[in-house]
Amino acid sequence: MLELAILGLLKEQELHGYELKKRLSVKAVEALEAPMAPSIPRTGSMTGEAAAFRARREPKRGGRAKKVYGITERGEKLFEELLEAESASGDDDRAFNLKLAFCRYLPPDARLGLLERRRAHLVERLARARASIRAGRERMDAYTRSLMEHGTEATEHDISWLDMLIATERRQGRTPK
C-alpha cells in the first residue's frame, strides 16, 4: 500500500524527499532537475534584485540542492496495477480508503467494481456483527454491547454512502447498469 500511496502522490505532482527514494524501487521514480523558483517581481533596487537572484540560484543548507522526484513510465504502470488489484481481504479499510483517494485514475468499470466489492464486503461484515450481537447479548455488558452496536451503525452508514457513490457513477452514464 505504501507504493500505491507514493506513486499516487507523484502522479499528481513532483515531490522532494529522501524518504521517497529510500522506500521505493529506483525504477519506479526518478530524480528530476529541480524546478526554478517562481519569478520574483522586480524591486527596482540592485540590492533587492541581487538577493532575489541568489535566492533562486544558491543551494540550500548543506551545500546541496533538494532533489525532486517524479513518476516514471514503469511507476505509472505499477500505480495502475496496484490501484486495480483486488485484495484478498475484500479491500480492508486502509487499502480501500487509499484506493478511493486515487479513484479518479481508474477506468469507470474498475471504479464501479471497487465500490461494489467494498459494499459487498461491508454487507458481509454487518451480517457477522449482527449475528455476534444476537449470540452474545446475554453475556455482554452494556458498554461492550453499545460499542458493537455503534460499529454496526457505522457500517450501515458506510453502506449507504457507497450506495450513493455507486448510484452517482451509474447516473453519470460512465458505466452501464
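Student: Where does A85 sit?
Tutor: A85 is in the loop between helix 4 (73-84) and helix 5 (93-101). Helices here are DSSP runs of H or I, at least four residues; strands are runs of E, at least two; both are numbered from the N terminus. This is a predicted model: local features need pLDDT of at least 70, side-chain atom pairs count only at pLDDT 80 or more, and totals for chains, interfaces and linings use all residues. Residues are numbered from 1 along each chain as its sequence is written, and side-chain values use heavy atoms, leaving out hydrogens and water.

Student: Which backbone nitrogen lies 3.0 Å from a polar atom of the T72 side chain?
Tutor: That of G75.

Student: New topic. How do helix 5 and helix 6 cross?
Tutor: Their axes come within 11 Å and cross at roughly 155°. So helix 5 is roughly antiparallel to helix 6. Roughly antiparallel means an angle over 145 degrees. Axes are lines fitted to C-alpha atoms, for helices over the stretch in contact, with angles from 0 to 180 degrees between N-to-C directions.

Student: Which residues make the contact?
Tutor: From helix 5, D93, F96, K99 and L100; from helix 6, L114, L115, R118 and R125. Contact means heavy atoms within 4.5 Å.

Student: K99 again! How far is A85 from K99?
Tutor: Their C-alpha atoms are separated by 9.8 Å, and the two are 14 residues apart along the chain.

Student: On to helix 7. How many residues does helix 7 have?
Tutor: Helix 7 (residues 142-171) has 30. From first C-alpha to last, helix 7 reaches 43 Å, close to the 44 Å expected at 1.5 Å a residue. The expected span is 1.5 Å times one less than the number of residues.

Student: Which residues of helix 7 are buried?
Tutor: T152, T155, I159, L162, I166 and E169. These buried residues pack against helix 5 and helix 6 (108-136).

Student: What happens at the start of helix 7?
Tutor: A side-chain oxygen of D141 reaches to within 2.8 Å of the backbone nitrogen of Y143.

Student: Last one. How many helices and strands are there in the protein?
Tutor: Seven helices and three strands. Along the sequence the pattern is α-β-α-β-α-β-α-α-α-α.

Key: Buried means under 20% relative accessible area, exposed over 50%, partly exposed in between (1.4 Å probe, protein chains only). A polar contact is a pair of N or O atoms within 3.5 Å; within protein, one must be able to donate a hydrogen and the other to accept it, and residues adjacent in sequence count only if both atoms are side-chain atoms. Angles under 35 degrees count as roughly parallel, over 145 as roughly antiparallel, 65 to 115 as roughly perpendicular and the rest as oblique.
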